[in-house]
Amino acid sequence: MPILYNGSTREFHLHTQKVSYIFSILENNQLGHLYYGKKLRHRESFERLFHIGESPNTACVNEGDLVFSLDLIKQEYPAYGTTDFREPAYQVLQESGSRITNFIYQDHQIYEGKKKLEGLPATYVERENEATTLEISLVDEKTGMEIKLLYTVFEELNAIARSARFINHGQLEVNLTRALSASIDLPGSDFEMVQLSGSWARERHVKNRKLVPGIQSIASTRGTSSAQQNPFLALKRPNTAEHQGEVYGFSLVYSGNFLAQVEVDHYDVSRLMIGINPFDFNWLLKSGESFQAPEVVMVYSDEGLNGMSQVYHRLYRTRLARGKWRDRERPVLINNWEATYFNFNDQKILELAKASKELGVELFVLDDGWFGKRDDDTTSLGDWSVDRRKLPNGITQLAEDINALGLEFGLWFEPEMVSKASELYKAHPDWVIRVPDRQMSHGRNQFVLDFSRQEVVDFIYDLMSEVLRDAPISYVKWDMNRYMTEIGSLELPANRQREVAHRYILGVYSLYERLTSEFPDVLFESCAGGGSRFDPGLLHYAPQGWTSDDTDAVERLKIQYGSSMVYPISSMGAHVSAVPNHQVGRVTSLETRANVAYFGAFGYELDVMMMTEEEKEEVKAQIAFYKANHSLIQKGQFYRIESPFAGDGNITSWIVVSDDQTEAIFGYYQVLARPNPGFTRVFFEGLNPDFEYAIDGIADTFYGDELMSAGLQLDRCREKTHPADFSSVVYKLKRI
Ligand code: DGJ
């Protein structure tokens with residue numbers, strides 16, 4: 001049983017195959033944390049893991065007792081104001097003005113499987129016995145409130161999912177001013193915090209910093225999880241590297257404003273907490289109402305960052321992403337955005353589609369500009385009906401024509417937005433996120449629809465579902481191109497204005513839920529001006545996301561490497577685009593551009609009509625290679641080998657290995673060529689030491705043990721490693 005409860009010691013021991021997580025009910029009936037880390041043999045009592053002792057100059061709970069202080073106790077879901085001076089996981093503002101509560105253990109339930117989280121994306125099970133769930137009820141007698149702490153243990157997958165639900169059983173209304181998903185107190189502060197930070201076109205760069213006393217945090221206030229910070233944080237030991245050492249990962253299944261922070265206290269305890277950003281948040285909870293906090297997925301690994309990432313990859317690929325496209329091979333697509341931008345008509349599109357089909361492309365995606373009067377980014381968002389000036393025969397006819405060429409057809413939407421120059425805005429100027437009598441800031445000339453309002457979501461659902469019903473559309477790219485400002489809803493009362501950002505995301509999820517249920521055969525790809533909302537929340541509905549608007553092969557090394565900390569490569573849209581690259585002007589070879597994009601959901605985003613015959617032949621070979629290895633890439637285990645964030649970042653390498661270890665694809669990339677660089681040896685990962693492998697393009701064969709321990713000397717394969725800037729090799733390995 002992966003969840004054990006000992007009634008006499010009042011201890012819970014949650015364990016996966018490799019991990020233990022232990023906590024207990026304290027003498028004051030609150031919950032205290034005991035241990036999280038490598039699996040421990042179960043025993044009757046873990047009481048000695050409870051550390052407490054008299055401490056000078058602190059506050060104590062019980063009169064006459066100088067020991068029991070929450071300031072010193074590792075806690076499971078802490079509150080502020082009752083002797084713990086660190087930041088709390090939650091806070092309840094009551095009608096009296098009091099923020100003091102005393103949530104104590106009432107009872108618990110352990111059951112096989114996992115329930116859905118109301119209105120929120122979350123990990124799931126397909127068979128009851130894949131996971132076990134513990135629900136603990138904590139009750140505050142004075143307010144009549146209950147907190148349900150939820151823990152789901154994925155025993156084989158080695159992950160634990162946590163969340164919290166607040167239920168107001170009392171008579172009076174209360175305000176949740178803070179409702180984080182999880183908190184954990186780890187002993188010691190000898191950790192580095194790993195975060196995925198960046199900006200537009202340079203999303204999810206890996207950053208490390210050493211913990212120091214006080215609070216260190218990452219957060220989003222932008223209305224999306226953001227390109228600036230991803231809702232993920234890990235604590236690793238200073239000597240933890242890609243393949244060895246301890247690391248704790250915390251990944252929040254949420255797409256809105258979040259906070260992830262670590263507070264190191266005066267006894268070097270590191271309190272990590274993660275959840276909805278309490279800044280500018282408040283939730284009015286009336287009698288009988290409840291509030292569900294998003295899920296956080298916790299992964300402990302003593303096999304380095306790769307060990308942690310592989311747990312996330314498997315869990316997120318198979319039990320977070322869902323729907324038919326989760327396991328299906330995704331089509332090799334071509335997207336017209338960088339080929340035409342807004343400037344196209346049906347002839348141009350059909351020309352591109354025809355030429356793409358000849359290269360082996362399977363899906364043609366028509367991007368922004370097909371609706372309203374959208375010749376640039378100042379108009380028409382919200383008017384989801386075809387622009388007959390560009391496409392006189394309509395979307396249905398275009399989709400059918402493209403189908404007739406032997407290609408699937410996909411379409412771009414930006415459902416959450418409206419332009420002032422649109423029929424929608426004219427009809428419903430109040431449907432915008434805004435604050436009365438204040439200016440409305442814009443982003444890319446557009447405004448955010450108020451998805452906290454049901455009628456707005458319904459309206460957009462009707463428009464989109466009509467387009468999807470009328471035309472043979474098998475793919476939707478769901479874009480979102482600006483952050484939120486002046487966050488407010490004209491519909492909600494004053495005391496609910498701080499709910500808008502969260503209600504908005506719930507609206508987004510509900511639209512995804514409806515559309516993916518009604519159109520289960522459609523492949524959804526999420527996007528937000530590239531990767532500004534590339535997070536586990538959206539991965540639940542859309543099994544792939546547009547990783548970044550930056551398609552330069554060299555920049556993509558960092559973006560894809562960083563994203564792979566949490567996200568499986570099957571979730572990363574990766575396209576070969578034109579050179580000079582439209583984002584950074586760099587010229588890289590067609591070979592290197594494909595060598596990077598292979599490690600993702602592969603496609604093209606360029607004007608195939610501009611390609612030479614020689615380039616077309618190369619593209620045909622690339623697509624054939626990808627198709628031949630599709631399943632290996634989409635479902636294999638991905639290992640990062642050399643990091644673009646290490647040293648001068650000149651070398652990146654990685655490998656994807658099939659589950660049975662009989663096949664692998666290895667990628668090696670050099671940014672700048674160096675004069676007389678010496679020898680280059682790469683140590684492979686993830687192979688079977690006893691299998692003998694042939695490597696395409698190399699005459700010798702190799703056992704896995706040699707490739708992993710002695711390495712492959714790349715210089716022996718000169719014909720493939722050109723000593724040039726931005727050069728790369730991709731090798732296919734096959735067991736013989
Ligand atoms: C931003 C996306 O990331 C691009 O791929 C493209 O779809 C544009 N929006 C269209 O406006």
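Biologist: Why is H10 called largely enclosed by the rest of the structure?

Modeller: Seven of the eight residues of H10 are buried, so the rest of the structure largely encloses this helix. Buried means under 20% relative accessible area, exposed means over 50%, and partly exposed lies in between (1.4 Å probe, protein chains only). The buried residues of H10 are Leu 590, Thr 592, Arg 593, Ala 594, Asn 595, Val 596 and Ala 597. This is a predicted model, where local features need pLDDT of at least 70 and side-chain atom pairs count only at pLDDT 80 or more, while totals for chains, interfaces and linings use all residues. Residues are numbered from 1 along each chain as its sequence is written, and side-chain values use heavy atoms, with hydrogens and water left out.

Biologist: What makes helix H9 (residues 553-563) largely enclosed?

Modeller: In H9, 10 of the 11 residues are buried, so that helix too is largely enclosed by the rest of the structure. Among them are Glu 555, Arg 556, Tyr 561 and Gly 562.

Biologist: How do you know whether H10 and H11 are roughly parallel or antiparallel?

Modeller: The axes of H10 (residues 590-597) and H11 (residues 613-628) cross at roughly 20° and come within 11 Å. Angles under 35 degrees count as roughly parallel, over 145 as roughly antiparallel, 65 to 115 as roughly perpendicular, and the rest as oblique. H10 and H11 are therefore roughly parallel to each other.

Biologist: Which residues make that contact?

Modeller: H10 brings Leu 590, Glu 591 and Ala 594, and H11 brings Glu 615, Glu 618, Val 619 and Gln 622. Contact means heavy atoms within 4.5 Å. By class, the contact has three nonpolar, one polar and three charged residues. For those classes, Ala, Val, Leu, Ile, Met, Phe, Trp, Tyr, Cys and Pro are nonpolar, Asp, Glu, Lys and Arg are charged, and the others, Gly among them, are polar.

Biologist: What makes a set of residues a nonpolar core?

Modeller: The set must be buried Ala, Val, Leu, Ile, Met, Phe, Trp, Tyr and Cys residues joined through side-chain atoms within 4.5 Å. The largest one here has 184 residues, and those with the most contacts inside it include Ile 136, Trp 370 and Phe 602. Its largest share, eight residues, comes from helix H7 (residues 500-518). A second, separate core of 21 residues includes Ile 641, Ala 664, Leu 712 and Val 729.

Biologist: How do you know whether Gln 310 is buried or exposed?

Modeller: Gln 310 has 14% relative accessibility and so counts as buried. Its place is in helix H1 (residues 304-319). Leaving aside neighbours within four places in sequence, Gln 310 is in contact with Gln 637, Phe 638 and Tyr 639.

Biologist: Why do Asp 280 and Asp 437 get their accessibility labels?

Modeller: Asp 280 has a relative accessible area of 37%, so it is partly exposed. Asp 437, at 79% relative accessibility, counts as exposed.

Biologist: What is the phi of Asp 280, and of Asp 437?

Modeller: Phi of Asp 280 is near 65°, and phi of Asp 437 is near 65°. Most residues other than glycine have a negative phi, and most peptide bonds are trans.

Biologist: Which kind of peptide bond, cis or trans, runs from Val 579 to Pro 580?

Modeller: That bond is cis, with omega near -10°. Pro 580 has its place in the loop between strand E29 (572-577) and H10.

Conventions: Axes fitted to C-alpha atoms, helices over the stretch in contact; angles between N-to-C directions. Helix = DSSP H or I, 4+ residues; strand = E, 2+ residues; numbered from the N terminus.
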